[in-house]
Amino acid sequence: MMYRFPLEEFKQWPTPFYYYDMGLLSKTLNEINRQVKGYPYDVHYAIKANGNPVILKEIVKNGLGVDLVSGGEIKASLAAGFDPGKMVYSGVGKTDWEINLGLDHDIFCFNVESVPELEVINELAGRRGKTAHVAIRVNPDIDAHTHRYITTGTAEDKFGINIEMLATAVDRALKLPHLHLRGLHFHVGSQITQMKPFVMLCESVNGLLDYFDRHDIHFELINVGGGLGIDYDTPDINPVPDFQHFFDTFKRHLRLRRNQRLHFELGRSIVAQCGTLIARVIYVKENRNKKFVILDAGMTDLIRPALYQAHHVIQNISAAVDTASDVYDVVGPICESSDVFGTDEKLPVTRRGDLVALRSAGAYGETMASCYNMRPLPKSHFSR
Ligand SMILES: *Cc1c(COP(=O)(O)O)cnc(C)c1O
């Protein structure tokens, strides 16, 4: 059964635009809160997945914290009403103004990715007469087996500190006078659909906790990052990701110490399924062996197919259900050969003016939009 979009409303709005199902977002957030209730777990929303203010308001309302990767994101999350006491700030290249902004707002934790960064945060905190709260990001050398560009936890990646250098970094953090070390941070990748990498992560954390216990070093928190994947192939069958399986994996495999809290930073799994990119067919063009559906949305509106070879379900939502079908390459108007949403897509016979939905586009969609070819940014609309 096909998801029902409000077609009458769509006809009034210029395309392309993002459409967000706020009911589904709310349902997703309820499910997360239901799964962590009664556990010493804190969930932060990775705002880089989608920074739309309407989305952020809903997430704030549901009590989540926020995971940030830039000064701009600190500002956006403050404007949206996130509590600085629930803000964690990651990223390999935090600049001085960004660190100072975090210090001025007394954010909960900087997830620090190198010893030089520890030194700089210590110095900037000292100048302000403050103590910076930090966690050290560990690179656990786990291959999450997703796309190379979204794997972050193998030894070759730029992220985090290698395990063999961790003890030195922890020592340094404990000695620096303007730092308070809260714990360890991890994030192994994105769009992870098997639990195996998360189990390996738990085992890695357990080993490190044992090691630091022996050295009488105790952490108040462990942050395992995000990365839970979603079902891009059949969004109507799995509109809400399997959070039960995800959180159960940590409940079962991670041996938290007494009074220790477990933090999560989920992005994609919270917002991906509630968002759809709606485009209009500009032309249907026939070449020698191919038919092309040319949309008014392109890689500037949704770059995931061009950047990661990702695929979003494509639906012609104007065509009647019983129309005959044909096979098309569905492409955008941008002057790049990678501006392709799908090849050999089976669609109802498609005509100029039809509306097309690119599903599961709520994460890393609108937020990655650009003005390349001097195009305007896509607008957004919300279910009522
Ligand atoms: C991007 C990112 C996340 C969120 O990843 P998802 O795959 O969207 O859940 C979490 N933590 C850090 C440090 C990140 O960079």
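Predicted model: local features only at pLDDT ≥ 70, side-chain atom pairs only at ≥ 80, totals over all residues.
Colleague: Are helix 2 and helix 9 roughly parallel or roughly antiparallel to each other?
Modeller: Helix 2 spans residues 22–36 and helix 9 spans residues 243–253, and their axes lie 10 Å apart. The angle between them is about 25°. Angles under 35 degrees count as roughly parallel. Helix 2 and helix 9 are therefore roughly parallel.

Colleague: Is the crossing of helix 2 and helix 9 left-handed or right-handed?
Modeller: The two helices pack at an angle of about 25°. Their crossing is right-handed.

Colleague: How many nonpolar, polar and charged residues does the contact of helix 2 with helix 9 have?
Modeller: Helix 2 contributes T28, E31, I32, Q35 and V36, while helix 9 contributes F243, Q244, F247 and K251. Sorted by class, this contact has 4 nonpolar, 3 polar and 2 charged residues.

Colleague: How are helix 7 and helix 8 oriented to each other?
Modeller: The axes of helix 7 (residues 166–175) and helix 8 (residues 196–214) come within 12 Å. They cross at roughly 55°, and the crossing is right-handed. Helix 7 and helix 8 are therefore oblique to each other.

Colleague: Which residues of helix 8 make the contact with helix 7?
Modeller: By class, the contact of helix 7 with helix 8 has 6 nonpolar residues, with no polar and no charged ones. On the helix 7 side are L166, A167 and V170. On the helix 8 side are L208, Y211 and F212.

Colleague: Why is the pair of F10 and W13 classed as it is?
Modeller: The structure holds 23 aromatic pairs, and F10 with W13 is one of the ring pairs. Both residues are buried. The ring centres are 5.8 Å apart and the planes stand at 40°, so the pair is tilted.

Colleague: Is the pair of F247 and F264 stacked or edge-to-face?
Modeller: The centres of the two rings are 4.9 Å apart. Their planes stand at 80°, and planes over 60 degrees apart count as edge-to-face. The pair is therefore edge-to-face.

Colleague: How many residues apart in sequence are the parts that F247 and F264 tie together?
Modeller: F247 is buried, with a relative accessible area of 0%, and F264 is likewise buried at 0%. F247 lies in helix 9, and F264 in strand 10 (residues 261–266). The parts tied together by this pair are 17 residues apart.

Colleague: Which residues do ring pairs link into a cluster with F247 and F264?
Modeller: F247 also takes part in the contact between helix 2 and helix 9, as does F243. Ring pairs link F247 and F264 into a cluster with Y39, Y41, F198, F243, F246 and F250.

Terms used:
Residues numbered from 1 in each chain as written. Heavy atoms only, no water. Axes fitted to C-alpha atoms, helices over the stretch in contact; angles between N-to-C directions. Helix = DSSP H or I, 4+ residues; strand = E, 2+ residues; numbered from the N terminus. Parallel < 35°, antiparallel > 145°, perpendicular 65-115°, else oblique. Left-handed = near helix turned anticlockwise from the far one by under 90°. Contact = heavy atoms within 4.5 Å. Nonpolar A, V, L, I, M, F, W, Y, C, P; charged D, E, K, R; others polar. Phe/Tyr/Trp six-rings, centres within 6.5 Å; stacked < 30°, edge-to-face > 60°. Buried < 20%, exposed > 50% of the residue type's maximum accessible area, 1.4 Å probe, protein only.
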